[in-house]
Amino acid sequence: MAGQGQAGNSGMEQLILIMNKLQDACSSSGTAHKFDLPQIAVVGSQSAGKSSVLENFVGKDFLPRGSGIVTRRPLILQLLYNPSAEYAEFGHQRGRKYTNFEEVRQEIEAETDRLTGRNKGISNVPIMLRVFSPHVLNLTLVDLPGMTKVAVGDQPPDIEVQIRNMLLEFITKENCLILAVSPANSDLANSDALKLAKEVDPAGTRTIGVITKLDLMDQGTDAREVLENKLLPLRRGYIGVVNRSQKDIEGRKDIKAAMAAERKFFLSHPSYRHMAERMGTPYLQRCLNQQLTNHIRETLPSLRSELQTKLLALEKDYQAYANFSPDDPSIKTKAMM
C-alpha cells in the first residue's frame with residue numbers, strides 16, 4: 001500500500017480522475033464498447049494470484065474467492081486517494097457507502113449472480129467499484145475473469161472460448177495496457193497471460209508483466225532472468241510480487257504484515273536483493289499509477305478526435321429527427337433500421 005504523496009507525478013493525477021468520469025458515463029449509457037478508452041486490463045489464469053495483487057493494493061479482503069471461476073464479470077476497480085476516509089461505492093448503487101469490505105465481496109457475488117445466474121456463467125457487462133482510501137494511489141484497473149481450460153458444474157462446455165473471447169474484447173484495443181499476471185511456480189515460457197498478450201501485442205509495447213508466487217518456486221530455481229527482462233522481454237518490463245498464501249488468507253493474515261514479509265523476502269533473497277527497490281506491491285502500484293497517467297496523456301489527442309467525430313455524427317442524427325414526422329416514409333424506414 002502507498003500514500004498519494006509517493007505518486008511522483010501529482011500534476012497529472014487529474015487525468016485518471018477525468019478518464020474515470022468518461023468511463024462512468026460510457027458504462028452507465030451502455031456505450032463503453034464503442035470507445036477505445038485508455039485503461040489497464042488484468043489478465044491471468046485462475047490460479048495466478050490476480051485477486052491477491054488487487055487486494056494488496058487496497059489493503060482489504062474484498063474480492064470473491066473459491067474454486068473455479070470466481071471473477072465472472074469484468075470488475076472496473078477505481079482506486080481513489082482519500083486522506084480522511086476509507087469506503088467503497090458501487091456504480092449500480094449510487095450513494096450507498098460500504099465501510100465493511102466483507103459486504104463489498106458479498107455484493108460483488110450477488111450482482112454477478114443477478115446477471116449470470118448461479119451456474120458459474122460469465123457476462124461481459126462490467127461491475128463498477130470505487131474504493132476511497134488513504135492507502136491507495138489514483139488508479140483504475142479492469143479485472144477480467146481468469147483463464148480456464150475445464151468447465152465445472154453446469155458451466156457451458158465452451159467456457160474456455162467464452163472467457164478468451166471476453167478477454168480479447170478488452171485487450172485487442174490499442175489503448176488498453178495489459179497487466180499480464182503469471183505465477184513463478186509454473187513454466188513462465190508457457191504462461192497463459194503472456195501468450196494471450198503476445199497474440200494482440202506481439203511487440204510487447206502494451207504489456208506489463210507481473211510475476212507472483214516467487215516464494216513458492218522450487219529450491220535452487222528463480223525468475224531472475226525474467227524479472228531482469230532478459231528472457232521473454234517486454235518494453236514495460238516485469239515486476240515481482242509475493243502474495244499471501246492460501247493458508248495465510250484462510251488464517252486471515254493481515255495484509256500489512258504480508259507487505260512487510262514481501263519486503264523482507266526481496267531484500268534478503270540472493271537472486272532479487274539487487275533489484276529489491278523495483279519489486280513488490282507498493283512499487284507495482286506506483287508504477288501502474290505513473291504508466292496509466294502517461295498513457296492517458298499520450299492517447300488524449302486521438303481520443304479527443306474520436307469523441308468529436310462521434311459527437312458530430314450524433315448531432316447530425318439529432319437534426320435529422322428534430323422535425324420527425326411519423327408519416328414520412330423515408331424517416332420511418334430509417335427509424336426502423
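Mentor: Please note that this is a predicted model. Strands of a sheet pair through backbone hydrogen bonds, in parallel or antiparallel fashion. Here, 8 strands make up an open sheet with mixed pairing, in the order S3-S4-S2-S5-S1-S6-S7-S8.

Trainee: Which strands stand at the edges?

Mentor: Strand S3 (87–90) and strand S8 (238–240) do; each has a single partner strand, so one side of each is left without a neighbour in the sheet. On average, neighbouring strands of this sheet are turned by 25° against each other, direction ignored.

Trainee: How many bridges join S1 to S5?

Mentor: Strand S1 (residues 39–44) and strand S5 (residues 139–143) run parallel and are joined by 3 bridges. Within this pair, Ile40 stands opposite Leu141 in S5.

Trainee: Which helix packs on the sheet?

Mentor: Helix H2 (residues 50–58) does, and the strands it touches include S1, S5 and strand S6 (176–183). The direction of H2 makes about 160° with that of S5.

Trainee: What lines the second largest cavity?

Mentor: Its lining includes Ile16, Met19, Leu292 and Ile296. Helix H1 (14–29) supplies the largest share, 4 residues, while H1 and helix H9 (281–322) each supply at least two. By class, this lining has 5 nonpolar, 4 polar and no charged residues.

Methods: Residues numbered from 1 in each chain as written. Predicted model: local features only at pLDDT ≥ 70, side-chain atom pairs only at ≥ 80, totals over all residues. Heavy atoms only, no water. 1 Å grid on protein atoms, 1.4 Å probe; cavity = no way out; pocket = protein on both sides within 12 Å on 5 of 7 lines; lining within 4 Å. Nonpolar A, V, L, I, M, F, W, Y, C, P; charged D, E, K, R; others polar. Pairing = 2+ DSSP bridges. Axes fitted to C-alpha atoms, helices over the stretch in contact; angles between N-to-C directions. Contact = heavy atoms within 4.5 Å.
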